[in-house]
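This report describes a set of local features in one structure, taking a single side chain as its starting point.

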Amino acid sequence: MDARLSYGGLGLAAAVLVFTGVRWWRHGHQVPGLAALGGGLAAGLLSALCSGGLLGLAARLLTSQATNPLGDKVTGTHNLLGPASGPTGLRPEGGVATVVLVVVAVLAWRCCDYQLRRQMGAGVFAGSALGLAAGIAGAAAVTLVPLANWAGLQVLAALH
């Protein structure tokens with residue numbers, strides 16, 4: 001499924017991320033809030049970088065069915081960004097690490113209070129949309145993807 005991000009969707013995802021970050025900073029910039037936002041952002045980014053499977057489908061559906069239409073209503077346009085981002089090098093073992101991260105995020109979601117849930121949800125929302133922008137996908141391919149591939153190899157090695 002090829003989903004592309006619109007300018008309105010990009011603006012909305014960036015606005016949600018900035019608003020959540022500023023709100024976290026103004027409320028005393030506590031570590032659990034940063035962990036919730038960062039964990040959600042990483043889970044959303046890596047899910048968007050999955051080339052297939054349920055995580056990739058969920059990230060693309062969230063962007064094409066929610067982020068783009070809402071952002072387009074705000075901006076009043078429906079212009080898509082350039083071509084979709086290319087392959088980012090996330091191997092199958094990186095997909096294993098992404099699934100583990102998403103499961104940990106879901107478990108943390110169940111244990112957190114309302115404020116941390118909102119920060120985690122904002123991170124997932126922004127990450128799943130921003131992961132479809134070519135520049136951010138490229139930056140994630142250099143930083144997050146090698147870490148996810150390595151972590152997935154460690155998980156698989158521990159299970160064998």
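## Glutamine 119

Glutamine 119 is buried, its relative accessible area being 5% (buried means under 20%, exposed over 50% and partly exposed in between, with a 1.4 Å probe and protein chains only). This residue is found in helix H5, residues 114–130; helices are DSSP runs of H or I with at least four residues, numbered from the N terminus.

Setting aside neighbours within four places in sequence, glutamine 119 is in contact (heavy atoms within 4.5 Å) with Thr20, Trp24, Gly33, Ala36 and Leu37.

## Model and confidence

The model is predicted, so local features need pLDDT of at least 70 and side-chain atom pairs count only at pLDDT 80 or more, whereas totals for chains, interfaces and linings use all residues. Residues are numbered from 1 along each chain as its sequence is written, and side-chain values use heavy atoms, with hydrogens and water left out.

The mean pLDDT of the chain (predictor's confidence in each residue, from 0 to 100) is 85, and 94% of the residues score at least 70.

## Packing of H1 and H2

H1 packs against helix H2 (residues 31–49) at an angle of about 165°, with the axes 10 Å apart. H1 is therefore roughly antiparallel to H2 (an angle over 145 degrees).

Leu17, Thr20, Gly21 and Trp24 of H1 meet Gly33, Leu34, Leu37 and Leu41 of H2. By class, this contact has 5 nonpolar, 3 polar and no charged residues.

Methods: Axes fitted to C-alpha atoms, helices over the stretch in contact; angles between N-to-C directions. Helix = DSSP H or I, 4+ residues; strand = E, 2+ residues; numbered from the N terminus. Parallel < 35°, antiparallel > 145°, perpendicular 65-115°, else oblique. Nonpolar A, V, L, I, M, F, W, Y, C, P; charged D, E, K, R; others polar.
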